[in-house]
Amino acid sequence: MAKIVLRFGEQVLKEYELGAHVLKIGRLPDNTVVIDNPAVSSHHARIVHDGGKFVIEDLKSTNGTYINEQRVLRQVLENGDIVLIGKHKLVYDAADGENVGDTPSTEADAAPSKMEGGTVFLDTKQQRALLAKMGIDLGTPETVPHASGAPTLAESRKPARARVGVLRVLAGKSDHSEYELNQATSIIGSADTAAVKLKGWFKPKSAVAIARKGESYTLTALGGKQTVNNEPLTSRRDLKDGDILVVSGLTLEFGYKE
């Protein structure tokens, strides 16, 4: 399920799941996302589901709505986009591109399940019951292969696991020599919550955001000066195997985990 993560500075305040409903953002309490700040209009912006995509619309706000430092009136959201409203950031997490209407709804959607941070987790029995209603037989739970060595039906239906990207440190001060990019959004900066923490004085708290969608990774410049393959990083850019990223004196090479 796609979601919006509300942040102030480096602190995560709340997460909001997106769906067919309209997500309203503003200062008044009748909004879904309430931001009590004078820089935020009473009804500032909204996120709607349109044609299989989530779209943010500015509601004629006084101070405007920004995506990746560019003011917008209406724009389709892409995984990892940073929406700035007042001094608050809303990070769009596409959850591997899942949108409303991608999968048929079933009665199992309303079944009791474990809740953690607003996310639903089905236990093993519920999952198997749901798949059975959809006409999929996983067979026995055991993962022991057949005597013939051929994969079981359940094994053959398992999707190929997406490769995980990594950043390898080539030069500069860092806590580790390699960082796995296994989160939907990874931040490079000096903040304590950054996935890759910059060392030294006067480093930006959030320099770069790296959004993951399957095996694809996209860079977004947030603060400071960065380069990719000796070219300035000014907005969004897709990462490719072997790219060299320099962020505030830290040199990193992007690749995939072997």
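Predicted model: local features only at pLDDT ≥ 70, side-chain atom pairs only at ≥ 80, totals over all residues.
Colleague: What ground rules apply to the numbering and the values?
Modeller: Local features need pLDDT of at least 70 and side-chain atom pairs 80 or more, while totals for chains, interfaces and linings use all residues. Side-chain values use heavy atoms, without hydrogens or water, and residues are numbered from 1 along each chain as its sequence is written.

Colleague: How many helices and strands are there in the protein?
Modeller: Both are DSSP runs, numbered from the N terminus: helices are H or I, at least four residues, and strands are E, at least two. On that basis the protein has two helices and 24 strands.

Colleague: What percentage of the residues is buried?
Modeller: Buried means under 20% relative accessible area, with a 1.4 Å probe and protein chains only. The protein has 258 residues, and the buried share is 37%.

Colleague: Which residue is the bridge partner of L167?
Modeller: Strand β14 covers residues 165–171 and pairs with β15 in the antiparallel sense over four bridges. The partner of L167 lies in β15 and is Y179.

Colleague: Strands of a sheet can pair in a parallel or antiparallel way. In which sense do β3 and β4 pair?
Modeller: Take the other partner, β5 (residues 45–50), to begin with: three bridges join β5 to β3 (residues 23–26), and these two run antiparallel. There, K24 has R46 as its bridge partner. On β4 (residues 33–34), V34 stands opposite G26. Two bridges link β3 and β4, and their sense is parallel.

Colleague: Which elements give two or more residues to the lining of the second largest pocket?
Modeller: A pocket is an open set of points on a 1 Å grid over the protein atoms alone, where a 1.4 Å probe fits, with protein on both sides within 12 Å along at least five of seven lines; lining residues have an atom within 4 Å of a point. This pocket holds about 600 Å³ of space. Of its 26 lining residues, the closest to the centre are R7, Q183, A184, T185 and S186. The elements are β1 (3–8), β2 (11–17), β11 (88–93) and β16 (185–189).

Notes: Buried < 20%, exposed > 50% of the residue type's maximum accessible area, 1.4 Å probe, protein only. Pairing = 2+ DSSP bridges. Points joined across faces, edges and corners; volume = space filled by probe spheres on them.
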